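Subject: Structure handover and findings

Hello,

Here is the structure I promised to pass on. Please open it alongside this note, and the findings follow below.

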Amino acid sequence: MTRRGRTRVRARRRLLPRPRILLGTLVLVLFVAVLVVQAYINSEFKADHVETEVGDQSGVPAGIKDGGPVINTTGGQVSSNRLPPKTIALTFDDGPDPTWTPQILKVLAENDAHGTFFVVGSEVVRHPEVARQIAGGGHEMGLHTFTHPNMQLLAPWRRKLELSQTQVAIARAAGVHTNLVRFPYSSKPQAIDETNWALVQDAGKQGFLVVVNDLDSQDWQRPGVPRILLNATPKAGESAVLLFHDAGGNRRQTVEALRAFIPRMKARGYRFTTVTEGLNVGLKEARKEAGNTPPPLAYNQPAPDADRWRGQALMWTVGLADGLVYVIAGLFLLIGALTIGRTGLLLLLAGRHARQRRRPGFRWGAEVTEPVSVIVPAYNEKEGIEAAVRSLAGGDYPEIEVVVVDDGSTDGTAALVERMRLPNVRVVRVPNGGKSNALNTGVALAKHDLIVTVDGDTIFEPDSIRRLVQPFGKRTVGAVAGNVKIGNRRSLVALWQHIEYVIGFNLDRRLYEVLNCMPTVPGAIGAFRRRALDEAGGFSDETLAEDTDITMALCRAGWRVVYEERARAWTEAPATLEQLYRQRYRWSYGTMQAMWKHREALTERGASGRFGRRGLPFLALFGVALPLLAPVVDIMLVYGLVFWELEETVVAWFGMLLLQLVTAAIAFRLDREAMGPLWRLPLQQFAYRQLMYLVLIQSATTALTGGRLGWHKLRRAGLVSGGPTPAYDSAVAPELDSWPPTLHEIPLNPHPASGRAPARPWVPSQSSAADDMPSAGSPPAGGSGPVRTG
């Protein structure tokens with residue numbers, strides 16, 4: 001294939017989305033569509049008693065305004081009808097309700113009476129068995145729209161949809177078809193204005209008779225049984241279409257009123273019919289006087305098969321939507337419980353950790369002064385390697401050996417270090433074999449038994465190494481995690497990461513140490529005993545998170561891993577969202593790999609079992625599951641703002657934000673950081689956090705599908721000078737021009753370990769595949785990053 005042809009193929013490929021992106025987009029669209037459906041069918045409605053102003057009635061025929069409650073505009077005719085004298089049609093709105101409708105049906109059956117139920121379609125879909133019970137008892141059904149909206153405010157297509165959806169819902173649930181409709185918030189014929197008259201005419205074009213009422217029992221007010229009886233009783237001898245409700249609240253008074261009302265009115269000579277039955281009796285009597293007998297109007301006719309199938313599809317859709325919202329609501333409660341529980345644990349145990357460390361006279365043991373070997377795996381780190389090496393070689397620890405392992409860099413990284421000619425720095429060049437191979441090479445060539453590992457873009461403070469190794473004064477300590485700080489805080493993205501490191505990573509490390517299940521010694525600043533590394537088998541390339549992998553292995557071997565907050569390292573954070581996404585993707589995926597690799601610890605005994613049954617569940621629950629579920633909070637926020645009560649939703653969200661701010665303030669105080677950056681925390685909820693959601697979701701998808709992740713080298717700019725020399729409470733990276741010492745400030749006496757190491761061989765690469773190139777490691781505190789659900 002020619003170059004031009006290959007270019008065209010690549011161009012065509014770029015135009016087509018990747019399968020996972022396409023699948024994710026489709027799932028997202030389906031999810032949003034289901035939520036919209038659920039919001040539509042759950043539109044909160046007010047009771048039918050809401051009063052509306054009567055508008056202009058000049059265009060309403062006098063026969064309608066002064067006529068009966070059954071209005072017929074089908075076939076272009078205009079007429080209204082009343083029921084025959086001493087005839088009552090009991091009508092019930094807003095059902096079916098699984099609690100009150102069956103009780104009303106029981107009262108009607110006990111008194112040999114039938115009623116007309118104007119049902120809400122969404123409730124029919126949810127309670128089809130009650131709808132079948134209505135039709136099966138010989139009662140009539142009518143339409144009361146699908147979501148109970150004010151039809152005056154809807155577009156014509158939506159009005160038609162409200163009626164047609166209810167019709168097919170009744171068809172599927174009860175197997176019947178109806179020609180009756182009652183609009184929500186309608187009243188009596190005298191209240192019909194031009195706007196309502198247009199709705200009535202439109203319904204007539206669709207073949208519906210519109211039913212209003214003669215008397216309103218006002219049972220919605222629950223005024224007491226005597227008052228309901230009084231409201232529902234027609235004048236002597238008159239007919240009435242009576243309005244009751246079988247849903248929308250507690251209808252106990254309605255049930256009790258019917259139990260007394262029906263026998264009382266029967267004793268006065270009244271008969272009870274459905275609307276259509278009463279209308280047929282009236283029409284028959286009227287036509288009989290005119291000398292002809294019209295055919296009766298049918299009700300509860302068998303529904304067409306097409307409507308039944310459409311109703312079935314509607315029921316499936318509503319069932320899916322309801323189920324999804326129930327799941328989301330359950331997850332929301334679970335997330336709330338987990339968040340509160342995690343916050344409580346963090347504050348309790350992190351506070352305990354801080355009090356213990358800051359207790360006067362606290363010491364790990366005898367002061368550690370043994371020589372230290374610092375291993376710096378480097379792959380294309382020309383921007384920051386010189387500053388990093390100077391900070392390491394110029395530390396205030398008695399004896400420091402720095403071993404820079406150049407892992408096949410192509411940008412001259414090794415040459416830059418060699419030109420520095422620092423007496424206690426060695427450069428080892430190895431073919432590209434991955435970060436774990438570079439680390440193992442450095443450990444093999446290191447002369448000392450205390451090993452410090454450092455990323456090539458990280459700057460140490462002068463006392464960092466000294467403070468980092470002091471926990472080794474306790475013989476059970478096998479590794480120490482240092483305190484990683486963001487050095488390039490000038491961009492908003494980097495500043496967000498600074499907040500994340502303090503609130504999530506650093507606070508988590510205190511908790512993990514107290515629980516003795518530290519999952520990660522960060523690659524940016526960590527220390528190990530050589531014997532502990534040997535027992536754990538060294539750094540492995542079996543996962544993309546070699547630092548998490550080795551730390552878990554150490555815990556399983558019985559070594560204690562601790563956190564030294566005073567040993568600080570300044571690292572360059574990704575400056576763009578794209579680089580950040582790639583970095584966190586590898587972190588998350590690598591952590592999941594490490595957890596799966598060490599899953600056998602869950603069933604083992606001894607130290608391995610203690611870590612497995614404590615650390616792995618904690619990490620899975622709070623480091624993976626909770627971040628994966630955290631988007632539910634934002635979904636509920638958006639859903640609530642659009643479809644629920646605005647005030648309650650905003651109050652709930654700000655409550656979660658306040659909880660997070662309190663946690664953040666405590667974390668910043670424990671870490672001795674200035675509180676200024678926290679004002680950006682609310683904004684972080686609307687941008688940065690969503691990116692982390694995508695990272696976790698894609699990482700989990702990659703893990704579940706068995707995907708393999710390639711290495712992406714972050715573009716570094718290097719930590720620049722320009723700020724003041726940092727004190728302990730400083731929030732900026734060290735000023736490189738003032739410290740660590742520059743070349744002329746370092747004694748120039750030759751160091752026997754300077755230059756390359758000619759004697760001992762490099763550790764062979766475990767793999768040369770592109771996918772095994774140096775990894776970005778893991779989050780400084782392990783897991784998949786901080787959990788924020790506020």
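R560 is partly exposed, because its relative accessibility is 24%. Bear in mind that this is a predicted model. R560 forms a salt bridge with E513, with the closest N and O atoms 3.7 Å apart. R560 sits in strand β20 (residues 560-571) and E513 in helix α17, so the bridge ties together parts 47 residues apart in sequence. E513 is buried, with a relative accessible area of 4%.

**Other salt bridges**

The whole structure holds 25 salt bridges. One of them joins the side chains of R82 and D214, at 3.7 Å from N to O. That pair links distant parts of the chain, 132 residues apart. R82 is in the loop between β2 (79-81) and β3 (87-93). D214 is in the loop between β8 (209-211) and β9 (215-216). R82 is partly exposed, with a relative accessible area of 46%. D214 counts as buried, because its relative accessibility is 16% and the cut-off for buried is under 20%.

E564 and R566 also meet through their side chains in a salt bridge, at 3.0 Å from N to O. E564 is buried, at a relative accessible area of 2%. R566 is partly exposed, at 34%.

**Nonpolar cores**

In soluble globular proteins, nonpolar side chains tend to be buried together. The largest nonpolar core here has 64 residues. Which of them touch the most other members? F528 and L554 do. Helix α12 (residues 305-357) gives this core its largest share, 8 residues. Another core, of 57 residues, lies apart from it; F117, V125, I170 and F261 are among its members.

Look at F528 in detail. Leaving out residues up to four places away in sequence, F528 touches D449, L450, I451, T453, F472, G478, A479, V521, L533, F539, I550 and L554.

**Cysteines**

How many disulfides does a search of the whole structure find? The count is 0. C517 and C555 are worth a look. The closest cysteine sulfur to that of C517 is in C555, at 7.5 Å, which is too far for a bond. A disulfide needs the two sulfur atoms within 2.5 Å. C517 is buried, with a relative accessible area of 1%. C555 is buried too, at 7%.

**Helix α4**

Helix α4 covers residues 100-110. Its buried residues are W100, T101, I104, L105, V107 and L108. Seen down the axis of α4, they fall within an arc of 160°, so they line one face of the helix. On the other side of α4, K106 and A109 are exposed. What covers the buried residues of α4? The cover includes β3, β4 (116-119), α6 (128-136), β10 (240-245) and α10 (252-267). Just after α4, D112 takes a positive phi of about 50°.

**Two buried polar residues**

N196 is in helix α8 (residues 194-205). N196 counts as buried, because its relative accessibility is 19%. Its side chain makes a polar contact of 3.1 Å with the side chain of Q152. A polar contact of 2.9 Å joins the side chains of N196 and D193. Setting aside neighbours within four places in sequence, N196 is in contact with Q152 and A191.

R489 is in the loop between β18 (477-486) and α17 (492-515). R489 counts as buried, because its relative accessibility is 12%. The C-alpha atoms of R489 and A575 are separated by 9.1 Å, while the two residues are 86 apart along the chain.

**Where to start**

Then go to F528 and L554 in the largest nonpolar core. After that, turn to helix α4 and its buried face.

Best wishes

Terms used
Residues are numbered from 1 along each chain as its sequence is written. This is a predicted model: local features need pLDDT of at least 70, side-chain atom pairs count only at pLDDT 80 or more; totals for chains, interfaces and linings use all residues. Side-chain values use heavy atoms; hydrogens and water are left out. Helices (H or I, at least four residues) and strands (E, at least two) are DSSP runs, numbered from the N terminus. Buried means under 20% relative accessible area, exposed over 50%, partly exposed in between (1.4 Å probe, protein chains only). A nonpolar core is a set of buried Ala, Val, Leu, Ile, Met, Phe, Trp, Tyr and Cys residues joined through side-chain atoms within 4.5 Å. Contact means heavy atoms within 4.5 Å. A polar contact is a pair of N or O atoms within 3.5 Å; within protein, one must be able to donate a hydrogen and the other to accept it, and residues adjacent in sequence count only if both atoms are side-chain atoms. A salt bridge is a side-chain nitrogen of Lys or Arg within 4 Å of a carboxyl oxygen of Asp or Glu. The arc is that of the directions from the helix axis to the C-beta atoms.
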